[in-house]
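Thanks for coming. Please have a look at it first.

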Amino acid sequence: MLSSRHARSPFRNGKSRLRPLAAALLACVAASAQVRSRAGNPVAASPEAIARGEKLYGSRCAVCHGRDGRGGEAPSLHKSRVVVLSPDRRFFEVVKSGIPGTEMPPLPGPDEPVWQIVAYVHSLAKPGMGPPVPGDAQAGREVFTRAGCVRCHIAEGKGGVTGPDLSSIAIQSSTAEIRESILDPNAKVPPTFREVSLRSRSGQTVKGMLKNDDNFSVQMMTLDGELRTFLRSEITGFQMERESLMPAGLGKGLTPEQLQNLLAFLDRQRAPFLKSQIGFQDY
Amino acid sequence: MDLARTFIACFVCAAALWGQLMDTRFANRADWLSYDRDNTGQRFGPLDQITAANIRDLTVTWAFQVSRLPARTEGTPLVRDGIMYITVGGEEAYALDARTGRAIWSFEYPPAKNGNAGSSSGGPPQVPGRIGRGANWNRGFAISGNRLFMATSDCSLIALDSRNGSLLWRMQLADPGKLYGTTAAPIVMNNMVLLGVRGGDTGMVRGFLDAYDPETGKRLWRFYTVPAPGEPGAETWPSDNKSWLTGGAATWTAGTYDPELGLIYWPTGNPGPDDYDGANRTGDNLYSASVVALDARTGKLKWHYQFTPHDVNDWDGNETPVLIDAVWKGRPRKLLVQANRNAFFYVLDRATGEFLLGEPFAQQTWAKGILPNGRPDRLPNTTPTLKGNYVCPDVHGGTNWQAPAWNPATGLLYLVARDGCGYYYPTGFSNDNEKTPPQQSVRAIDIQTGKIRWDFPFLGSQELVTHAGVMTTAGGLVFAGGRNGQFLALDARNGKLLWNFNTGGTIRASPMTYMVDGKQYVSIYTKAAVFTFSLKGADIR
């Protein structure tokens, strides 16, 4: 079972409502990044302009989008339709005018700082934008099945639900992040895939993944994929585990060739519609 | 024994001095007439119908859903004589029947005309040529007579007739094209309307606080929170550049007022330019991250206290300066207390600005403590570095602008606190929530010692920051909200959970309470609606 980083960016902090339309457009473009025109930015992407943009981004944008653009309070810019797909002028207009009805505020004032922000954000590396990952994707599909990944993860519309859906993994995480997750699944465990062990008042112990909780109730998925809910008053024990449910030795058991083929297979997973995930918190 | 004596002394002193501290126009217990109810910042509701003994019967009486979602909903409703007044972002407003939630009138700020310069001269009600909109979040109205005052998304202050929502006058504080904005609830004090500005993070604004005539909108005075060369405090800015012109120190939250001393207390934000890189603004950068005490008649500075000299962590200092009359070390004293975003709780003498106490109330690693002269004893290697310096609190602070509350019966200050750490760079910050998961909670601070009396932690993921404030009542309760939409009530004495309701939408606002026809209500503004609660039976109308 793959874990953590694969779903880290899009689902982090419950930003699971990665809009299907945005994802669709993003997927189309991820394979042909040159569609987006950068000719519209009057500020040359010089180191000076990018440095100035980084500074402005740090004070104006990072509080919501994260210092590295991976999201936080607001969605990841690495997967933003406006950032990845649209012409620079459109990205500029969104930064300048904000998005009505959302928390994205306008940035009125001179144009040049806005263009510098645009230049900086475009300088950030984004998953799915590089050349195809080398390897035999067909053989990688075999590895995905034979190694047992498919028991917990969905790819190409088939698989289990107890691990993150990998249908769009190539446009959600970099190849390096995917590799790390396979080899070291405990490096980072996404919030909605943390293992929890509950003890109910009836004496039953239930293990699974924590999907949501607060002072009053707990929502979880059991290890066999069943959704269960509990009131806090119905629980006598609540234990969070630090380790991922994905077997740590699974990735290490692969030969270098098998691993490379698996990465090539996962690099093909660019489904336009992301499976809806349970949000960790309201936004 | 000492604790009990202190408790009684606090209560007696507070009761004795209540009339002097609180402006008489807030005397009607049934109303909630200002962002924090009155001029003290205590956010104490003097109603006691709802108590720990009957709160199990507290239920939703009505909800009012706004038609258009603002970017954020941060407002506190006002209630006077059974009518509730709410703002929706900085562009809409409603008057509601406070017993039923039925709308009486609505107001929509006229749409912007792109590209035209706005008038800053007050101007006719039509608002010709309004400049494009800014941050569309807003913390509510101020009220005086038949006038409501509201900050708008284009950095203006407007007056509406409270009876029909008609626009009476408009004053533009500053050019939003230069990144100035207004989001705070205006405050009426000393027959003036006070409103500050936001924009300190942009590196382009010089903060100020304005006072306006409520009848005409004429500006009475302006206090710049960054001194010009030659003025006192200018020595805390470089003399070889003009960083003071964009020195920040924005005034984006509400202040408080002591009518007896004739002093207004206003908190200020981070210095600029460059929140996290102070290289071009060496010095303490007065009066950023401070509280300033101003003569209410003239707006002249009487004293100041700076919480974080030369702030490079964007900690601001905009938390409510709460005014409390209490016995301090054996004698009655006029106090100003603030739980600051830098994770320290402060007690000052509000007549003189004398520093009395500074104790951490949340996780912090940046200062050894506060020195007797009131300056923080900053630890080495705690400023931003290119590789990132790991410091507590993180940029979200030990608390933030969300309202605290003080209850004279318990002597405790309540607030939503946050324990969290993060990396600081000259270009910004980042968090590593997996390394050190942040924890948020409702916390009670003993103002006499700065010690934590009780703590109610929010369970579940705390990665998203809670900006919901608190309110306390004479019924011995603390009401609080959470980012996940839970609205709850705690026992003011010990933090015990007594009641909760899932509103289903992010709460970024602070609660309030009021009374109509002998029935106490409690209201909270959520992402898209105002929810109002009362004891069972109140909803049969």
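B:Pro393 counts as buried, because its relative accessibility is 0%. This is a predicted model, so please keep that in mind throughout. B:Pro393 sits in the loop that runs between E25 and E26 of chain B. What does B:Pro393 touch, once its neighbours within four places in sequence are left aside? The contacts include B:Trp315, B:Arg341, B:Trp366, B:Gly420 and B:Tyr424. Between B:Pro393 and B:Tyr423 there are 30 residues along the chain, and their C-alpha atoms are 9.8 Å apart.

Now the cysteines. How many disulfides are there over all chains? The count is 1. The partners are B:Cys392 and B:Cys421, with 2.1 Å between their sulfur atoms. The link joins distant parts of the chain, 29 residues apart: B:Cys392 is in the loop between strands E25 (389-391) and E26 (405-407), and B:Cys421 is in the loop between strands E27 (412-419) and E28 (422-425). The angle about the S-S bond is 95 degrees, and the link of B:Cys392 and B:Cys421 is right-handed. Are these two cysteines, B:Cys392 and B:Cys421, buried or exposed? Both are buried.

Over to chain A. A:Cys61 is buried, at a relative accessible area of 13%. A:Cys64 is buried too, because its 19% falls under the 20% cut-off.

Note on methods
Residues numbered from 1 in each chain as written. Chains lettered and ligands numbered in written order. Predicted model: local features only at pLDDT ≥ 70, side-chain atom pairs only at ≥ 80, totals over all residues. Heavy atoms only, no water. Disulfide = S-S within 2.5 Å. Helix = DSSP H or I, 4+ residues; strand = E, 2+ residues; numbered from the N terminus. Buried < 20%, exposed > 50% of the residue type's maximum accessible area, 1.4 Å probe, protein only. Contact = heavy atoms within 4.5 Å.
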